[in-house]
Amino acid sequence: MKRNNTPAGERNGQETQVKDYFEEIARTFDSYYRDDADTHGLVGKLAHRIFRKPALACRFDATFRLLKDIRDKHILDVGCGSGIYCIEIARRGGRATGVDIAGEMIELSRENAGRAGVADRCTFVQMDLSEFCESSTPFDALIAIGLFDYISPEKQRGVLERLFAASAKDVVVAFPKKWVPGALVRKLWFLTKKLDVYYFTRRRIRGLHQNTGYAAEFINCGPLWCVRFYRD
């Protein structure tokens, strides 16, 4: 696996904006998984409890239901954020490698894994999300949670195919739904951040993996889908 040393100015605009955004909100984002979430006032607190927190919990549970038994497996988390999923993988007896474009997220991941006592079973690398993995040996499984929200439509198929290439078996991906009330609000929020965010229908997801040889298992998590791609 190779660390990406490409200067930010040489990356595409969307990628740079995503990196800058998550560098800025890394610690706030990390707090969403805790009881003392940093929600900025009453409205933010209500939105977190009613919308974000249930969706995060469902997404987390669904991901591990789809991964099934991960003991002694090495799993790649693409867009690992603050390491929440990697830590759980390690707690369940697996090994995790997390990659993220934001350096602040990688630092938080290492801190969180250390506090959780699983640092010896987790590896975190800051790298360009377009490079994922250059190892000749695929990982046992791969997850991409919150990644496709920021991948432009013309790149989505290619990114999914690279995920397939990096995994020996299952690929679990979360896709935000298009036709749900919160999608418009979220989209307007990200417009204020000058950051594009993308949403999916079930038909769109099926179109992305059409003719790849992979089947798909869907779990409905309210405002998003968790999908396991696998070979029949």
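The questions and answers below concern a helix pair, a glutamine and the cysteines of this predicted model.

Student: How are helix α1 and helix α4 oriented relative to each other?
Tutor: The axes of α1 (residues 13-31) and α4 (residues 103-116) come within 7 Å and cross at roughly 30 degrees. Angles under 35 degrees count as roughly parallel. Therefore α1 and α4 are roughly parallel.

Student: How do the residues of the contact of α1 with α4 divide into nonpolar, polar and charged?
Tutor: On the α1 side, the contact is made by F22, E23, A26, R27, F29 and D30. On the α4 side, G103, E104, M105, L108, E111 and N112 take part. These residues divide into 5 nonpolar, 2 polar and 5 charged.

Student: With which side chain does the side chain of Q156 make a polar contact?
Tutor: Q156 lies in helix α5 (residues 153-166) and is buried, with a relative accessible area of 2%. Leaving aside neighbours within four places in sequence, Q156 is in contact with F148, I151, Y198, F200, R204 and L208. The polar contact of the Q156 side chain, at 2.8 Å, is with the side chain of R204.

Student: How many disulfides does the structure hold?
Tutor: A disulfide requires cysteine sulfur atoms within 2.5 Å. The sulfur of C80, a buried residue with a relative accessible area of 5%, is 5.2 Å from the closest cysteine sulfur, in C86, and is therefore too far for a bond. For C122, the nearest cysteine sulfur, that of C86, is 5.7 Å away. The number of disulfides in the structure is 0.

How values were computed. Residues numbered from 1 in each chain as written. Predicted model: local features only at pLDDT ≥ 70, side-chain atom pairs only at ≥ 80, totals over all residues. Heavy atoms only, no water. Axes fitted to C-alpha atoms, helices over the stretch in contact; angles between N-to-C directions. Helix = DSSP H or I, 4+ residues; strand = E, 2+ residues; numbered from the N terminus. Parallel < 35°, antiparallel > 145°, perpendicular 65-115°, else oblique. Contact = heavy atoms within 4.5 Å. Nonpolar A, V, L, I, M, F, W, Y, C, P; charged D, E, K, R; others polar. Buried < 20%, exposed > 50% of the residue type's maximum accessible area, 1.4 Å probe, protein only. Polar contact = N/O pair within 3.5 Å; in protein donor to acceptor, adjacent residues only side chain to side chain.
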